[in-house]
Amino acid sequence: MRESIVQKLTEIPRLSKQFWAVFVSFVGSLGFLLFQGGKLALMLFVIMLVLSIYLLLGQWSGIKRTQGVRNLQNMEHSNMLEAGSTLGVSIQLQIPGFWPMPYIFVKDRLFHKNGSELVFEATMVPDWRRRGDLEYRTPSLRRGSYTFGATECVTEDIFGLFEHGGMLNLPHSFVVLPQTVPIREWHQFHQMMKGTNHHSTTTRAVRETTQINGVREYMYGDRLSRIHWNATAKTGTWKSKEFERESLPKSYLVLDRQRKSYKDSEQFELAVSIAASLFMYGSSRSLALGLVSTGSDDVYYEPRPGQNQLKAVQQHFIHVEADGTYSLKQVLREKAQNLVPGSFVALITPIHGEALLPIFSWLKQLQLNPCHLWICSEHDDKEKWLRQLHSLGVVGYAIGSLQELPVVLGGRNG
């Protein structure tokens, strides 16, 4: 019983110093009127009465019942952005009631899945209909999923004595895909799938059969004979026929997720962007690419062409982190049973030198065709490592930035 009384007393909100100051002033003016009288005392009391009523009505200012709408300017058709993009946000507010508001202080929060938070603060002056618009733009966003938190609205009386606030829930979420770069062509890709010592032209790698495999989106440059007229008429958008391709050796991208392999987060972001760009390239060429990505979770995608594979891999790239404890050698040994002899295996990792040479030798013994997509820095001796790889019959590419990827692969940025 005693504990419940103490708990109820502690739950009673403490009155602020401003409240007591206004209360004492009002009681003082009332006492001055009662004991002194006169026009001055009456005028002072009326002024304090009006001010007290005004300050009291602030509790029903309507700020707690604020309504609003949030619009995202760059996302009319989807809830996806690419890393490095900024997002324009506009919020329209409507405050019910009649209590005069000199301004409204708005605080909006954007949460990343990893726990980080972006806070946006601005001051807005409502119009005579108690409406206001607020616009802001986020900084460049990193890869991941984002959720907007509750929007805080705060106002004060004209004297700045009391604050009145409310929370506005406008839930909205979106994802930021890894940054990608268009790859025009990977000239040595087909040679690597047949072995680095094979120098003949491999037109088989891009040859299509006459068997229709489905329908895909129209791509600029498709011949008139490829257009699927029935699908185009049904959907209202241009569609092209998708033909089956002759069987190719399986191709895998191996993303190194060992935490200690990367010196900073920027290196890992580059690794994810390289993998995502290669999958975009494979999708545009109808190539079957698989993925090996082992960290806190174990992800394995069998090589398959098509948009479904691309979407599944993109979802993985949105949330993937360098949270692995297993080395590349341990990951590959575990997955070796799934790698068919003759397969092409591209390792995306900043590791190089003596730590990686035994892995490539072992892959060659398994009759696999390895490749090193090396995430290097400007201080690394690029030529030395690439010569070592060449002596083993392994193709390597030194990539210092995402913009270098189309160039080092043999094409140019399209």
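Modeller: We can go through salt bridges, cavities and backbone angles in turn.

Colleague: Before that, what kind of model is it, and how are residues numbered?

Modeller: This is a predicted model, in which local features need pLDDT of at least 70 and side-chain atom pairs count only at pLDDT 80 or more, while totals for chains, interfaces and linings use all residues. Residues are numbered from 1 along each chain as its sequence is written, and side-chain values use heavy atoms, with hydrogens and water left out.

Colleague: OK, how many salt bridges does a search of the whole structure find?

Modeller: The search finds twelve salt bridges, where a salt bridge is a side-chain nitrogen of Lys or Arg within 4 Å of a carboxyl oxygen of Asp or Glu. One of them joins Arg70 to Asp108, with the closest N and O atoms 2.8 Å apart. Arg70 lies in strand S1 (residues 67-72) and Asp108 in strand S4 (residues 104-112), so this pair ties together parts that are 38 residues apart in sequence. Strands (E, at least two residues) and helices (H or I, at least four) are DSSP runs, numbered from the N terminus.

Colleague: Are those two buried or exposed?

Modeller: Arg70 is buried, at a relative accessible area of 8%, and Asp108 is buried too, at 0%. Buried means under 20% relative accessible area, exposed means over 50%, and partly exposed is in between, using a 1.4 Å probe and protein chains only.

Colleague: Which residue does Glu302 pair with?

Modeller: Glu302 forms a salt bridge with Lys250, and their closest N and O atoms are 2.6 Å apart. Because Glu302 sits in strand S15 (residues 298-304) and Lys250 in the loop between strand S12 (239-245) and strand S13 (251-255), the pair ties together parts that are 52 residues apart in sequence. Glu302 is partly exposed, with a relative accessible area of 21%, and Lys250 is also partly exposed, at 31%. Elsewhere, salt bridges that share partners join Arg109, Glu117 and Glu152 into one network.

Colleague: Changing topic, how many cavities are there?

Modeller: The count comes to five cavities of 30 Å³ or more. On a 1 Å grid over the protein atoms alone, a cavity is a set of points where a 1.4 Å probe fits but cannot get out, and lining residues have an atom within 4 Å of a point. The largest cavity has a volume of about 70 Å³, a volume being the space filled by probe spheres set on the points, which are joined across faces, edges and corners.

Colleague: And what lines the largest one?

Modeller: Its lining includes Phe279, Leu287, Arg304 and Gln309. Helix H6 (265-284) and helix H7 (307-319) are the elements that give two or more residues to this lining, and H6 provides the largest share, three residues.

Colleague: Last topic, what is the phi of Arg130?

Modeller: Arg130 has a positive phi of about 60° although it is not a glycine. Most residues other than glycine have a negative phi. Arg130 lies in the loop between strand S5 (117-124) and strand S6 (131-137), and is buried, with a relative accessible area of 11%.

Colleague: Where is Gln367, then?

Modeller: Gln367 is in the loop between helix H9 (357-365) and strand S17 (369-375). Its phi is positive as well, near 60°, but Gln367 is exposed, at 56% relative accessibility.

Conventions:
1 Å grid on protein atoms, 1.4 Å probe; cavity = no way out; pocket = protein on both sides within 12 Å on 5 of 7 lines; lining within 4 Å.
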